Amino acid sequence: PTCRPSWRIVCPPLILSSAAAMKSTNGDVVPAKPKKEEVDLCADGFGVYVKRSVKALLFENSLNIMMLAMPLAIFAEFNEWSDGIVFGLSLLAIAPFAERLSFVTEQLALHTSQLLGGLLNATFGNVTELIVSFFALKAGMLRIVQVSLLGSILSNLLLVLGCAFFAGGQNFLDQKFNSSASAVNISMLVFFSSALLYPAMFELTHEDTTGQTTLMVSRCMSILMLITYLFYIFFQLFTHSHLYEEEKDDDNDDDEEDDDEEEPILGVWGAIFWLAVITVAISLLSEYMVDSLEAASENWGVPDLFLGTIVIPIVGNAAEHAAAVIFGVKNKMELAIGIAVGSSIQIAVFCVPFLILVAWSAGSPLSLNFGGFETGVLVSTIIFVGFVIQNGQSNWLMGQMLVTAYFVVATGFFVHVDPAEMRRA
């Protein structure tokens with residue numbers, strides 16, 4: 001049977017262009033060679049299409065079992081259970097929805113041009129962090145906005161990259177990747193860390209007594225960082241796309257292409273529909289999580305800065321962490337680094353400045369002054385990671401050092417207390 005009624009959701013024949021082979025690496029937009037093939041997603045009927053879509057979305061990933069925590073979180077919120085329980089359930093439920101959001105975005109990118117598909121992957125790569133930050137910003141929790149974004153950067157650079165290196169090192173003595181692309185990535189992160197240093201220096205030298213200078217500098221630098229991020233996307237898509245392509249062995253090219261080729265499942269309108277549904281679910285869970293964070297920190301006896309910097313990024317990015325480890329085991333280090341370092345760049349040079357401008361429009365004094373301790377941790381992390389990946393190869397020991405460094409950072413944030421002036425701000 002065919003899918004012909006006039007009222008149906010249109011599933012037009014799909015032309016797989018170069019975006020079809022494009023990998024979403026949460027920040028890195030990697031174009032691939034074009035491959036055209038016509039596919040009619042509704043050829044077997046609309047009911048079959050819906051069944052196939054629902055199965056792919058909900059029943060083919062073991063992480064989706066954690067979605068059951070969402071109705072429990074809603075029930076706990078409406079029945080006024082402990083804030084610690086509401087926070088924990090919301091935190092567990094948001095992980096699978098974040099992973100499914102990435103899947104749906106890649107499905108939508110299959111139906112677009114190379115440029116639009118790359119921009120979709122880049123834009124939705126860290127949408128979960130943006131949604132959580134929006135609700136924290138709405139609640140006036142500016143420190144949580146800052147430390148949650150900082151925690152995502154630290155988690156990706158140290159924990160995710162370290163686990164990928166360590167897991168890959170169990171199967172391969174040394175793993176190689178493009179050192180030129182790594183140099184560009186680290187340069188972008190150094191650029192961001194320098195932007196954080198200026199407000200910190202204003203504070204240390206007591207030149208900014210009212211905070212207005214820090215705000216002005218932060219907002220100007222945010223505009224400049226967003227412009228730089230656009231150039232970075234153009235650099236990846238057009239002028240230097242070859243730097244971000246995975247190198248393959250000639251003997252295994254055909255097998256790898258067959259294994260990695262993305263199969264179109266949802267269609268354009270199906271992807272848009274599920275994108276909206278998942279975004280609404282993440283928004284609801286984010287609101288519950290932000291509203292209960294401070295009370296949960298008291299119930300659990302854990303500092304709220306530790307929850308925002310360490311716990312939320314780990315759970316929220318669990319799917320990305322697993323993907324990076326899988327790519328490391330398969331010796332696809334360009335993709336693993338794209339997830340870890342590319343995601344950090346997107347958060348640093350896009351999400352942070354974007355949220356500062358949003359806060360500016362809302363009259364909130366969100367700035368690049370993350371605090372002396374936080375800025376120092378970030379700068380030392382970027383320097384360390386830069387030394388680790390500068391030569392374009394990795395091994396298990398490098399991974400162990402990166403993971404250990406993350407636990408050192410986590411220990412520091414567990415005992416760290418904001419200065420009184422930061423709390424008041």
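Modeller: Glu374 and Arg143 are both buried, where buried means under 20% relative accessible area, exposed over 50% and partly exposed in between (1.4 Å probe, protein chains only). This is a predicted model: local features need pLDDT of at least 70, side-chain atom pairs count only at pLDDT 80 or more, and totals for chains, interfaces and linings use all residues. Residues are numbered from 1 along each chain as its sequence is written, and side-chain values use heavy atoms, with hydrogens and water left out.

Biologist: What does Glu374 form with Arg143?

Modeller: The two form a salt bridge, with the closest N and O atoms 2.7 Å apart. The term requires a side-chain nitrogen of Lys or Arg within 4 Å of a carboxyl oxygen of Asp or Glu. This pair links distant parts of the chain, since Glu374 lies in helix α14 (residues 372-389) and Arg143 in helix α6 (residues 142-169), 231 residues apart. Helices here are DSSP runs (H or I, at least four residues), numbered from the N terminus.

Biologist: How many salt bridges are found in the whole structure?

Modeller: The search finds 1.

Biologist: And how many disulfides?

Modeller: The count is 0, a disulfide being a pair of cysteine sulfur atoms within 2.5 Å.

Biologist: Is Cys351 buried or exposed?

Modeller: Cys351 is buried, because its relative accessible area is 1%. Cys163, with 28%, is therefore classed as partly exposed.

Biologist: Changing topic, which residues have the most contacts inside the largest nonpolar core?

Modeller: They are Val104, Leu161 and Phe165, in a core of 111 residues. Its largest share, 16 residues, comes from helix α13 (residues 333-362). Such a core is a set of buried Ala, Val, Leu, Ile, Met, Phe, Trp, Tyr and Cys residues joined through side-chain atoms within 4.5 Å.

Biologist: What does Phe165 touch?

Modeller: Not counting residues up to four places away in sequence, its partners include Phe177, Met333, Ile337, Trp396 and Leu402. Contact means heavy atoms within 4.5 Å.

Biologist: Where is Ser90 found?

Modeller: Ser90 is in helix α3 (residues 83-109), and it counts as buried because its relative accessibility is 0%. A polar atom of its side chain lies 2.8 Å from the backbone oxygen of Val86. Beyond four places in sequence, Ser90 contacts Ala73, Leu285, Tyr288 and Met289.

Biologist: Which residues does Ser283 contact?

Modeller: Leaving aside neighbours within four places in sequence, Ser283 contacts Ile131 and Phe135. Ser283 belongs to helix α10 (residues 268-300). Ser283 and Phe135 are 148 residues apart in sequence, yet 8.2 Å apart in space, C-alpha to C-alpha.

Terms used: Helix = DSSP H or I, 4+ residues; strand = E, 2+ residues; numbered from the N terminus. Polar contact = N/O pair within 3.5 Å; in protein donor to acceptor, adjacent residues only side chain to side chain.
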